[in-house]
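Thanks, everyone. Let me put the model up and walk through a few local features.

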Amino acid sequence: MHPIPRYFVLAGLSLFALTAAAQESLRLCHNQDESFPWLLKRTPGVSQIMATEAAKALKIKLVLLPMPGAGCVEAVQQGRVDGAISIVFLPERLTSMVYPGPASGPADVQQRMYNNSVSLFHRKQDKLLWDGKKLQVSGVVGVRRGNFAAQTLLAMGIKVDSTSTSYVELFKRLERGEIAAAVIETIDGSEMLRHTISLRSLIEMHPQPFEREAFYTVFSKAYASRKPQLVKDFWKQLQQLRTSPEFAGNVQYLVRNLD
């Protein structure tokens with residue numbers, strides 16, 4: 001039996017290495033609830049497109065896993081997925097997940113996926129005052145479960161109900177008078193009012209946004225320790241996409257100004 005030439009062995013090993021590299025996969029979860037234009041169900045939202053394009057540039061297979069918001073965060077913290085997209089920065093999460101920037105925080109806003117704002121919605125007959133610092137409202141303010149604004153409201157001494165799972169549910173509760181106001185993503189809320197005449201006659205959005213927050217792609221501690229360079233490269237790709245005029249043009253049908 002003739003020995004296999006050395007160059008065939010090396011070629012075979014190289015092919016195996018290339019195949020292994022091509023099979024590199026990344027499992028990222030995200031909130032299963034729609035948040036226009038960032039996370040959508042029937043067609044990819046902006047953040048889903050960004051993550052897909054970043055993975056494509058790095059030649060890795062991306063698997064996006066929709067799940068309940070709290071469940072997604074828990075999956076990252078427990079290392080059951082590699083990471084998550086569209087996640088806000090919370091200092092207490094630094095012990096169980098990795099954001100772009102210093103290990104001790106805060107997150108590097110230059111490597112965010114996007115900025116998003118939330119606004120206050122209330123029935124026209126109810127009094128609500130908001131000057132950007134102080135909120136006066138007579139009753140409970142509803143927020144979607146997992147929304148970053150809940151902590152801000154609680155710090156102001158405002159009663160918060162965070163049991164709702166969608167902005168549609170919050171509008172229904174506002175309509176029924178179960179809550180005095182609701183904090184909803186500005187784009188979602190304004191689009192809902194624009195397309196629903198019955199709500200538009202009853203509910204209004206406060207002209208001054210309540211809060212503005214950056215959203216990130218985060219990774220589990222375990223994945224970041226195994227693939228530190230890939231994690232850095234992924235964040236870099238996201239930053240390049242966010243600031244790319246070409247990418248902005250590609251998603252203009254979803255968002256006019258990507259920030």
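Lys 59 sits in the loop between helix 2 and strand 2. Helices here are DSSP runs of H or I with at least four residues, strands are runs of E with at least two, and both are numbered from the N terminus. Lys 59 is not a glycine, yet its phi is positive, about 60°. It counts as exposed because its relative accessibility is 66%. The cut-offs: buried is under 20% relative accessible area, exposed is over 50%, and partly exposed is in between, with a 1.4 Å probe and protein chains only.

A word on provenance. This is a predicted model, where local features need pLDDT of at least 70, side-chain atom pairs count only at pLDDT 80 or more, and totals for chains, interfaces and linings use all residues. Residues are numbered from 1 along each chain as its sequence is written, and side-chain values use heavy atoms, with hydrogens and water left out.

Now compare Ser 86. Its phi is also positive, near 60°, and it is not a glycine either. Ser 86 is in strand 3. At 12% relative accessibility, it counts as buried.

Back to helix 2, residues 46-57. Its 12 residues reach 16 Å from first C-alpha to last, close to the 16 Å expected at 1.5 Å a residue; the expected span is 1.5 Å times one less than the number of residues. Its buried residues include Ile 49, Met 50, Ala 51, Ala 54 and Ala 55. Among the elements covering them are strand 1, strand 5 and helix 9.

Which residues touch the most other members of the largest nonpolar core? Leu 135, Val 183, Phe 210, Phe 219 and Phe 234, out of 49 residues. Such a core is a set of buried Ala, Val, Leu, Ile, Met, Phe, Trp, Tyr and Cys residues joined through side-chain atoms within 4.5 Å. Leaving aside residues up to four places away in sequence, Phe 234 touches Ala 51, Ala 54 and Ala 55, among others. Contact means heavy atoms within 4.5 Å. A second, separate core has 17 residues, including Met 67 and Tyr 216.

Last, the cis peptide bonds. The bond from Phe 36 to Pro 37 is cis, with omega near 0°. Pro 37 lies in the loop between strand 1 and helix 2. The bond from Gly 105 to Pro 106 is cis too, with omega near -5°. Pro 106 is in the loop between strand 4 and strand 5.
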